[in-house]
Amino acid sequence: MIVKELEQQLLALRPSEKVQVIQLLAQSLGSNWQGIEKTPRICGGEACIANTRIPVWVLVEARRLGYSDVDLLMSYPTITATDLGNAWVYAEAYPDEMELAIEQNEAA
């Protein structure tokens, strides 16, 4: 895909999708994921929303079960829409990690 075609597609995105694209591109330049932390002694080292004990895979599974972003923000009042955006970008970048975490939780 040439840059001109990509530019047209990017401009057609919704604002929230543009934020996700920007975050993904910025994060792909380094290994630091803004707003996402992995701490060995918190949630078993799973990727979590920064400064919380809310694993990204939990949000991914909730979304699959039909929860909207609004539902999630109401259920988790300590996180923001930006936190959710960070989680979705991370989950898209690491789908195998999300699947494994969900499978391990279901098996437990």
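Visitor: Is Cys48 buried or exposed?

Guide: In this predicted model, Cys48 has 3% relative accessibility and therefore counts as buried. Cys43, at 27%, counts as partly exposed.

Visitor: How many disulfides does the model hold?

Guide: A disulfide is a covalent bond between the sulfur atoms of two cysteines. The cut-off used here is 2.5 Å between the sulfurs. In this structure the count is 0.

Visitor: Turning to the core, which residues touch the most other members of the largest nonpolar core?

Guide: A nonpolar core is a set of buried residues such as Val and Leu, joined through side-chain atoms. The largest one here has 21 residues, and Val56 and Leu59 touch the most other members. Two or more residues each come from strand S2 (47-49), helix H3 (56-64), helix H5 (81-93) and helix H6 (95-107). H5 gives the most, with 6 residues.

Visitor: What is Leu59 in contact with, leaving aside neighbours within four places in sequence?

Guide: Its contacts are Ile49, Ile54, Leu72, Tyr76, Ile79, Leu84, Ala87 and Trp88.

Visitor: Which residues of H5 are buried?

Guide: They are Asp83, Leu84, Gly85, Asn86, Ala87, Trp88, Val89, Tyr90 and Ala91.

Visitor: How far does H5 reach from its first C-alpha to its last?

Guide: The 13 residues of H5 reach 18 Å, close to the 18 Å expected at 1.5 Å a residue.

Methods:
Residues are numbered from 1 along each chain as its sequence is written. This is a predicted model: local features need pLDDT of at least 70, side-chain atom pairs count only at pLDDT 80 or more; totals for chains, interfaces and linings use all residues. Side-chain values use heavy atoms; hydrogens and water are left out. Buried means under 20% relative accessible area, exposed over 50%, partly exposed in between (1.4 Å probe, protein chains only). A nonpolar core is a set of buried Ala, Val, Leu, Ile, Met, Phe, Trp, Tyr and Cys residues joined through side-chain atoms within 4.5 Å. Helices (H or I, at least four residues) and strands (E, at least two) are DSSP runs, numbered from the N terminus. Contact means heavy atoms within 4.5 Å. The expected span of a helix is 1.5 Å times one less than its number of residues.
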